[in-house]
Amino acid sequence: MSEPSGQELYERIPTKVFEDASLAVCEVAKEIAEAIRARQAEGKSFVLGLATGSTPVPLYRELVRMHREEGLSFANVTSFNLDEYFGIESRHPESYHRFMREQLFDHIDIPEAQINIPQGAVAREEVFEACQAYEEKIEACGGIDVQILGIGRTGHIGFNEPGSGPHSRTRLVTLDRLTRLDAARDFQGEHNVPRYAVTMGVGTIMDARKVYLLAWGRSKAEVIKAAVEDAPVESLPASFLQAHSNAYFILDTASASELTRNKYPWLVGFPAWTPELARESVTHLSLKLGKPLLKLVDKDYQENGLSELVTEQGPAYGLNIRVFNEVQHTITGWPGGKPDADDTYRPERALPARKRVLVLSPEPQDDVLAMAATLSRLVAHGHEVTVAYLTSGSLGVPDEEANWAADLMLEAGDSAIASDVLRELEEKGAFSEDSPRLRTFKSYLRRNEARASLEMCGLSKSCIRFLDLPFYEKGRYRRFEVGEEDVAAMSRLIDEIKPHQIFVTGEAADPSSVQAKSFSVFENAIRSFSSEPWYKDCYVWLYRSDGREWDIHQVEMAVPCSPDEVKAKAQAIYQHRSQRSQLPSMNADQSEAWEQAVERNRGTAVLYDKLGLAEYEAIECFVRWSTVEGASK
């Protein structure tokens with residue numbers, strides 16, 4: 001029997017990592033199509049277990065494409081969905097019945113009688129029997145051949161929340177608060193999210209002959225690592241898949257970023273010690289041992305799997321100094337560059353002294369969550385700053401916030417719009433979507449919040465743009481489709497400003513999210529300027545607004561924040577009144593966005609202090625990005 005590889009020592013389940021979700025789903029869709037066709041050739045049916053949420057959307061689009069362009073038929077397919085919210089009708093905008101029709105069933109030739117989704121609208125006293133009947137129908141069809149799964153931030157599969165046992169079957173469950181927070185935007189407020197759901201059990205899932213768990217984006221990285229590498233526990237239901245004989249985790253690079261093979265490659269093999277990897281391993285060692293960079297000794301390296309590094313690039317003291325200098329050079333109080341200064345070791349250029357800066361915020365608030373203090377510093381240093389909100393953010397406004405604003409307008413005597421809004425909100429049923437008029441009204445709220453927020457950062461109204469990209473205005477969460485008109489609007493803005501600096505986010509977000517869609521619009525637009533003279537000298541800085549900061553070894557520009565700037569940042573975020581209960585929290589007990597953002601920045605400052613650098617109140621972080629064509633980096 002051969003010795004396990006380094007990777008296998010850590011990973012307890014087969015895991016495939018692809019560059020992006022589109023490549024991953026092509027392989028999964030191909031394997032599903034081959035299995036369907038093989039059963040068709042035998043004159044037999046194929047039973048497919050399906051999931052909902054944003055994760056499987058790219059897979060369903062690929063299956064629809066294969067049906068339309070390659071003649072893939074689903075006539076012999078019987079489908080069983082994992083789950084459904086309890087207490088909502090199938091026609092509800094956020095029901096999984098409607099989701100599956102919009103994303104898959106209405107676009108393929110699967111017979112209606114072969115579609116099975118748990119019923120969420122049955123009476124409470126009938127739920128047990130309905131769940132038993134669902135299990136019996138799966139068994140009568142011969143069991144599930146292939147089951148598609150996503151994974152929630154709590155580690156749930158289906159709606160099997162923490163505490164679900166490995167032998168659980170289809171049943172009614174209570175949703176975890178973090179799960180409900182994550183769904184708050186879909187339902188226009190946490191209070192609208194159902195508290196219960198009907199879900200296949202972990203045991204039902206484990207009975208499937210083959211399982212694909214899909215995950216995209218950095219927000220899933222921590223839970224993926226735990227599910228793949230840690231021992232199975234009831235607090236993380238996805239970890240039970242380790243006991244399945246034919247289960248696979250299918251990941252993109254972002255969701256796989258916390259796996260040991262990617263985060264600490266020296267523990268699973270013999271990597272090439274590039275300067276970047278050396279910096280990563282040395283900073284990791286420093287933080288792991290609780291010793292400043294300059295106090296590490298050869299023995300520390302040798303006892304922690306880094307003997308090859310210290311042998312190749314040591315001795316320890318020289319290696320320590322090199323990495324210390326690299327980390328120190330990321331720190332700057334001049335995010336736009338310091339005029340009349342040697343910029344050899346600074347993250348930004350000294351010239352031009354007054355730069356044109358373009359900050360792209362997918363939704364209102366993304367910008368200040370990540371870089372409010374940096375914005376203030378850029379303005380204070382005299383740079384020409386433009387903040388562009390790419391989408392209106394109207395989908396993220398709960399009805400009660402619109403009601404509050406309309407009541408205020410009515411009280412002030414402005415009844416023209418307010419009365420119509422109040423009437424629509426009153427008449428709006430559980431299955432109604434916002435009318436264009438109501439969405440416009442909600443966008444006005446977000447605009448006013450954005451203006452008030454940026455005022456806290458020293459920006460005037462003339463510095464703000466609202467692009468209202470069509471993909472958002474025509475779509476809904478998890479159902480966005482980027483088009484040429486989106487790219488054209490972004491291109492016009494970039495061409496007008498011809499920026500020296502661009503700040504943007506979303507490069508590692510879930511592919512279906514507003515942030516990821518906005519980044520794809522930017523990426524397509526910016527490439528069209530590759531032959532422009534200004535483009536060669538344009539620095540693109542990536543920021544993160546999702547509550548998950550860059551790792552220290554990745555940071556290329558660290559902007560310290562003073563106590564006053566931290567207070568101003570909290571105030572800037574606080575201006576986004578409509579979002580105080582909307583943004584997904586990193587944990588269910590800390591839901592205030594300003595608290596999360598400030599604590600993240602303070603946490604980064606603590607890490608710099610532990611490495612032996614200067615002690616700051618807080619730090620905002622950025623990483624350089626370049627296009628394939630070779631923008632300046």
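Trainee: How many disulfides does a search of the whole structure find?

Mentor: The search finds 0 disulfides, a disulfide being a pair of cysteine sulfur atoms within 2.5 Å. Keep in mind that this is a predicted model, where local features need pLDDT of at least 70, side-chain atom pairs count only at pLDDT 80 or more, and totals for chains, interfaces and linings use all residues. Residues are numbered from 1 along each chain as its sequence is written, and side-chain values use heavy atoms, with hydrogens and water left out.

Trainee: What makes Cys131 count as buried or exposed?

Mentor: Buried means under 20% relative accessible area, exposed over 50%, and partly exposed in between (1.4 Å probe, protein chains only). Cys131 has 4% relative accessibility, so this residue counts as buried. With a relative accessible area of 3%, Cys538 is therefore buried too.

Trainee: Why is strand S2 called largely enclosed by the rest of the structure?

Mentor: Because 5 of the 5 residues of S2, residues 46–50, are buried. Phe46, Leu48 and Leu50 point one way, while Val47 and Gly49 point the other way. In a regular strand the side chains alternate between the two faces of the sheet. Strands here are DSSP runs (E, at least two residues), as are helices (H or I, at least four), numbered from the N terminus.

Trainee: How do you know that S2 pairs with S3?

Mentor: Pairing takes at least two bridges found by DSSP; 5 bridges join S2 to S3 (residues 77–81), and the two run parallel. Val47 has Thr78 as its bridge partner in S3. Between them the chain passes through helix H3 (residues 57–70), and this β-α-β crossover is right-handed: with the strands pointing away from the viewer, the path from the first strand over the helix to the second runs clockwise. S6 (residues 146–149) also runs parallel to S2, joined by 2 bridges, and Gly49 stands opposite Gln147 there.

Trainee: What is the division of the lining of the second largest pocket by class?

Mentor: This lining divides into 9 nonpolar, 7 polar and 10 charged residues. Ala, Val, Leu, Ile, Met, Phe, Trp, Tyr, Cys and Pro count as nonpolar, Asp, Glu, Lys and Arg as charged, and the others, Gly among them, as polar.
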